[in-house]
Amino acid sequence: MYSPSMLRRFFCFNAAASSSSITPSSSTTTITSKKKSLVYLGSPQVSATVLDALFNASAAPSSSFEVTAIVTQPPSRRDRGRKVMLSPVAQYALDRGFPSDLIFTPERAGEETFLSNLRALQPELCITAAYGNILPTKFLNIPPLGTVNIHPSLLPLYRGAAPVQRALQDGVKETGVSLAFTVRALDAGPVIARERIEVDDQIKAPDLLALLFSEGSKLLICKLPSIFDGSAKVNAEPQDDSKVTLAPKISPEESWLSFDEEALILHNKVRAFAGWPGTRAKVLVIDDESSNNHNILELKIITTRVGSNDKIRDNDVHDVAFVKDALVFPCGGCTDLEVLEVQLPGKKVTSAAAFWNGLRGQKLKTL
């Protein structure tokens, strides 16, 4: 467990160097390299994928740059033990032997102490990937080559905090990742390049997010030479504001499913909200049709598919059936949502078959 004093700017502990360690110029080392200075900003696990690509590219004999500092979210309390844990990017950097005194964790990117230390490093370029903090003008003015962001959508589509989730919720067949210069307006900077990806109708948000940042890493490494020589800024494409769509932050209140909606809408929502906040539904568990003995059960819906609509309903429109490997929920528009995995409060994820067997003859109805 880390002490509260570590919630400030630096991680003041030693990182063991490994065979794959990264040893950029530090604040206590004489700078002899003529490589261009790059500062990386990112926080979650998908951001560590980008950092890995930058480390590997910078270690190549022909590389023209080095990662001189990393900026990430401060340590936070996570998991059931509520231990103070480093961000995945910080932990990955330390595991790779990156100097702890060059990992910055400001609460806000506009803090003067942080900005002063950043200016001292004289970065030529900053790269961001799911950093999680707003970058003020004072920050954006520091790197002469600008700040480039990896955004997991085909800008100007899905600007905002939840582009992958909102795209899946909308049921898109194609999405992608964009490299764009950062400006003060949200995700509105000129686009350097885009990579398009077809969207499978069963893929969930965490998997799609990981795929997009993996592709974004490759795109970034490919475009870094043009970013460093300035041609990327000259050739960057201004976004068409008439085509902008927004991807607002998801709230926990959105996680509830209403079976009055069509099955495809619910299926897309389950895929979009997988991981966090998840999707939930309330169902009625009945011991006997003739009795008043029933309970309301809250289920977390984990994996679904859209039913084939070839079933003939000869029962109550609210009855939940079990067919082959799925709980079949009747939905709006005479559609069916087939639920393959569920989770009870405080329990592990279980298959629909195991859950159905656990009912021991009790019936389920939608509310």
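Begin by selecting strands β2 and β5, which pair in the parallel sense over two bridges. The model on display is a predicted one. Within this pair, valine 71 has phenylalanine 104 of β5 as its bridge partner.

**The seven-stranded sheet**

Seven strands form an open sheet in the order β5-β2-β1-β6-β7-β8-β9, and the pairing is mixed. At its edges are β5 and β9 (191-198), each of which pairs on one side only. Strands of a sheet pair through backbone hydrogen bonds, either parallel or antiparallel.

**Helix α2**

Next, select helix α2, residues 88-95. Which of the residues of α2 are buried? They are Val89, Ala90, Ala93 and Leu94. Because these residues cover an arc of only 130° around the axis, they lie on the same side of α2. The elements against which the buried residues of α2 pack are β1 (36-42), α1 (45-58), β2 (65-71) and β5 (103-104).

**The largest nonpolar core**

Now display the largest nonpolar core, which has 55 residues. Those that touch the most other members are Leu38, Tyr40, Leu54, Leu125, Leu220 and Leu224. The greatest contribution to this core, nine residues, comes from helix α6 (residues 205-228). In soluble globular proteins, nonpolar side chains tend to be buried together.

Centre the view on leucine 38. Leaving aside residues up to four places away in sequence, leucine 38 touches Leu54, Phe65, Glu66, Val67, Thr68, Ala69, Leu125, Ile127, Leu224 and Phe228. Another core, of 21 residues, lies apart from the largest one; among its members are Ala263, Ala281, Leu337 and Val342.

**The largest pocket**

Which element gives the most to the lining of the largest pocket? Helix α6 does, with four residues. At least two residues of the lining are supplied by each of β3 (76-78), β6 (125-129), β7 (147-151), α5 (163-169), β8 (174-181) and α6.

For the last stop, select strand β14, residues 335-343. This strand is mostly covered, with seven of its nine residues buried. In a regular strand the side chains alternate between the two faces of the sheet.

- Strand β11 (residues 294-306) pairs with β14 in the antiparallel sense over six bridges. Select arginine 305 here, and then glutamate 338, its bridge partner in β14.
- Strand β13 (residues 326-331) runs antiparallel to β14 and is joined to β14 by five bridges. Proline 330 has aspartate 336 of β14 as its bridge partner. The hairpin of β13 and β14 has three residues between the strands, and glycine 333 in this hairpin takes a positive phi near 70°.
- Strand β15 (residues 349-351) and β14 pair in the antiparallel sense over three bridges. Here glutamine 343 has valine 349 of β15 as its bridge partner. The hairpin of β14 and β15 has five residues between the strands, and glycine 346 in this hairpin takes a positive phi near 75°.

Key: Residues numbered from 1 in each chain as written. Predicted model: local features only at pLDDT ≥ 70, side-chain atom pairs only at ≥ 80, totals over all residues. Heavy atoms only, no water. Buried < 20%, exposed > 50% of the residue type's maximum accessible area, 1.4 Å probe, protein only. Pairing = 2+ DSSP bridges. Core = buried A, V, L, I, M, F, W, Y, C linked by side-chain atoms within 4.5 Å. Contact = heavy atoms within 4.5 Å. Arc of directions from axis to C-beta.
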